[in-house]
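Have the viewer open as you read.

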Amino acid sequence: LISFERQLSQKSTVGKREPISKRGRKTCVFPWSDADGYIDLVNDRKRFKKEVLTKLPRHLWGHKPGCEGKGGYRMKGFRQNPRKTIMTGGEQRIFPIRFAKCADCGEIFSLLPSFLPREKHFCIDIIGGILRQILLFGQSIRGAFENSALTGRKLKSVRTIMNWIKWAGHFHPAETLIRAGVKSRGYFQEDEGFEKEPNLRTYSVVMVDSESLLVWHMDYVDRVDEETLCGSFEKFAERINFNVCGVTKDKWRASTKALKAVFHQIWIGFCHRHFLKKLWHALSEWRKETGCAHAQVKRAYDKMKKILATANSKTRLGIQIDMERDPAFDHPAVRPVIDELKKTAVHYTVHKRRSGIKKTTSLADNFLKIIKRKLRQAESFRDRNCTAVLFRAIANVRNFVPFMSGAKNSHKSPFMLANGMTYDLPWIQVMNVHNVFLFVE
């Protein structure tokens with residue numbers, strides 16, 4: 001009785017279980033999407049060695065210090081416990097897992113086909129389908145949970161889906177792309193967006209590759225000023241292995257100063273569409289005050305649009321503006337806009353000298369629409385860490401999911417446009433092969 005009372009008087013501590021496991025460094029994922037053919041493959045030793053072991057993607061983790069795994073692997077039997085995985089349709093199937101031994105350091109690794117995720121009960125295609133609907137389309141987490149029965153096996157808890165989102169958003173987009181071997185020329189489109197609720201605003205900072213459409217930087221900040229943006233851009237700079245050469249952005253001064261402070265000798269181009277929108281608003285004010293016809297507003301707008309499109313230097317742009325004698329450009333509502341264009345003309349014409357810099361920030365703007373739609377649906381985003389994870393998950397999934405039919409690059413993902421290695425696998429399996437879900441540094 002005394003020992004029982006002593007036991008009760010002691011403080012008990014319950015360890016907090018992290019939703020992201022740090023294990024898996026000794027698991028190599030190889031490209032194989034055929035679950036039915038996997039059983040025949042894994043039971044045929046010679047075939048497995050020829051089709052898998054000799055072509056195994058390089059795995060940098062789990063080796064002994066100093067070993068890079070260049071000597072290849074040798075067969076080492078089967079894992080004692082096979083994987084029991086719920087497949088599409090709800091059936092639980094058992095898959096034997098082979099071992100391989102590093103020829104250099106002797107460490108033993110599990111060889112996992114790409115349709116099986118590390119340490120998850122569901123096959124990765126089920127996980128990918130639910131993440132795609134939540135992160136890129138309008139489905140809510142509760143709706144995805146209720147519809148999970150359509151996969152053949154309903155999830156037990158909403159927490160499972162929340163953990164999958166944390167799973168997809170664990171790494172910064174730049175880290176996932178570097179792991180996957182993607183390179184960039186260093187030209188981006190940058191923009192900021194925000195959503196608000198009472199006494200709070202959520203700002204998102206995004207940088208999209210101007211050529212491949214890859215989202216390389218996605219960050220959450222609770223305010224936007226030069227200091228905060230410097231911190232956000234430094235996060236991006238720490239994770240890339242190339243130089244940022246140029247950025248297309250709006251004319252906001254704080255972000256311009258932050259970019260110049262973090263990325264030295266960077267070329268900055270200003271978005272033509274942002275300027276033209278501001279010009280149209282000024283011309284509309286001119287029309288209200290003077291009562292002129294809509295055709296006159298349209299004519300003045302088209303003149304300036306043509307000047308902006310054809311000028312190839314700061315000097316040329318200034319000369320063309322001075323030569324234009326339209327009365328609309330002398331009105332007090334319009335003149336400041338024109339003067340500001342002449343003052344910053346070098347940024348509006350830099351795309352003529354640097355092919356990587358584009359005239360607009362349309363790619364960043366289109367991606368921010370996804371972010372804003374999801375935030376409006378969530379209605380509340382006071383948890384900073386969860387919001388940041390959500391942003392990173394949306395960016396990571398967007399980079400690998402192919403565009404839908406009817407799009408300019410239909411059936412191709414930004415990862416494909418960047419010449420990333422897909423092995424002809426579904427998008428979520430491509431992420432798995434490239435160790436996007438291996439949570440070790």
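Let's begin with a parallel pair: strand E10 (residues 246-249) is joined to strand E11 (residues 267-270) by 4 bridges. Thr248 has Gly269 in E11 as its bridge partner. Between E10 and E11 the chain passes through helix H9 (residues 253-262), making a right-handed β-α-β crossover (right-handed: with the strands pointing away from the viewer, the path from the first strand over the helix to the second runs clockwise). Helices (H or I, at least four residues) and strands (E, at least two) are DSSP runs numbered from the N terminus, and two strands pair if DSSP finds at least two bridges between them.

This is a predicted model, where local features need pLDDT of at least 70, side-chain atom pairs count only at pLDDT 80 or more, and totals for chains, interfaces and linings use all residues. Residues are numbered from 1 along each chain as its sequence is written, and side-chain values use heavy atoms, with hydrogens and water left out.

Now for an open sheet: 4 strands sit in the order E1-E6-E5-E2, with mixed pairing. Strand E1 (27-30) and strand E2 (73-78) are at the edges with a single partner strand each, so one side of each lacks a neighbour in the sheet. E1 runs parallel to strand E6 (residues 108-113), joined by 4 bridges, and Val29 stands opposite Leu112 in E6.

| Residue | Phi | Relative accessible area |
|---|---|---|
| Gln265 | near 55 degrees | 79%, exposed |
| Asn435 | near 60 degrees | 7%, buried |

Buried means under 20% relative accessible area, exposed over 50%, and partly exposed in between (1.4 Å probe, protein chains only). Gln265 lies in the loop between H9 and E11, while Asn435 is in the segment after helix H18 (427-433).
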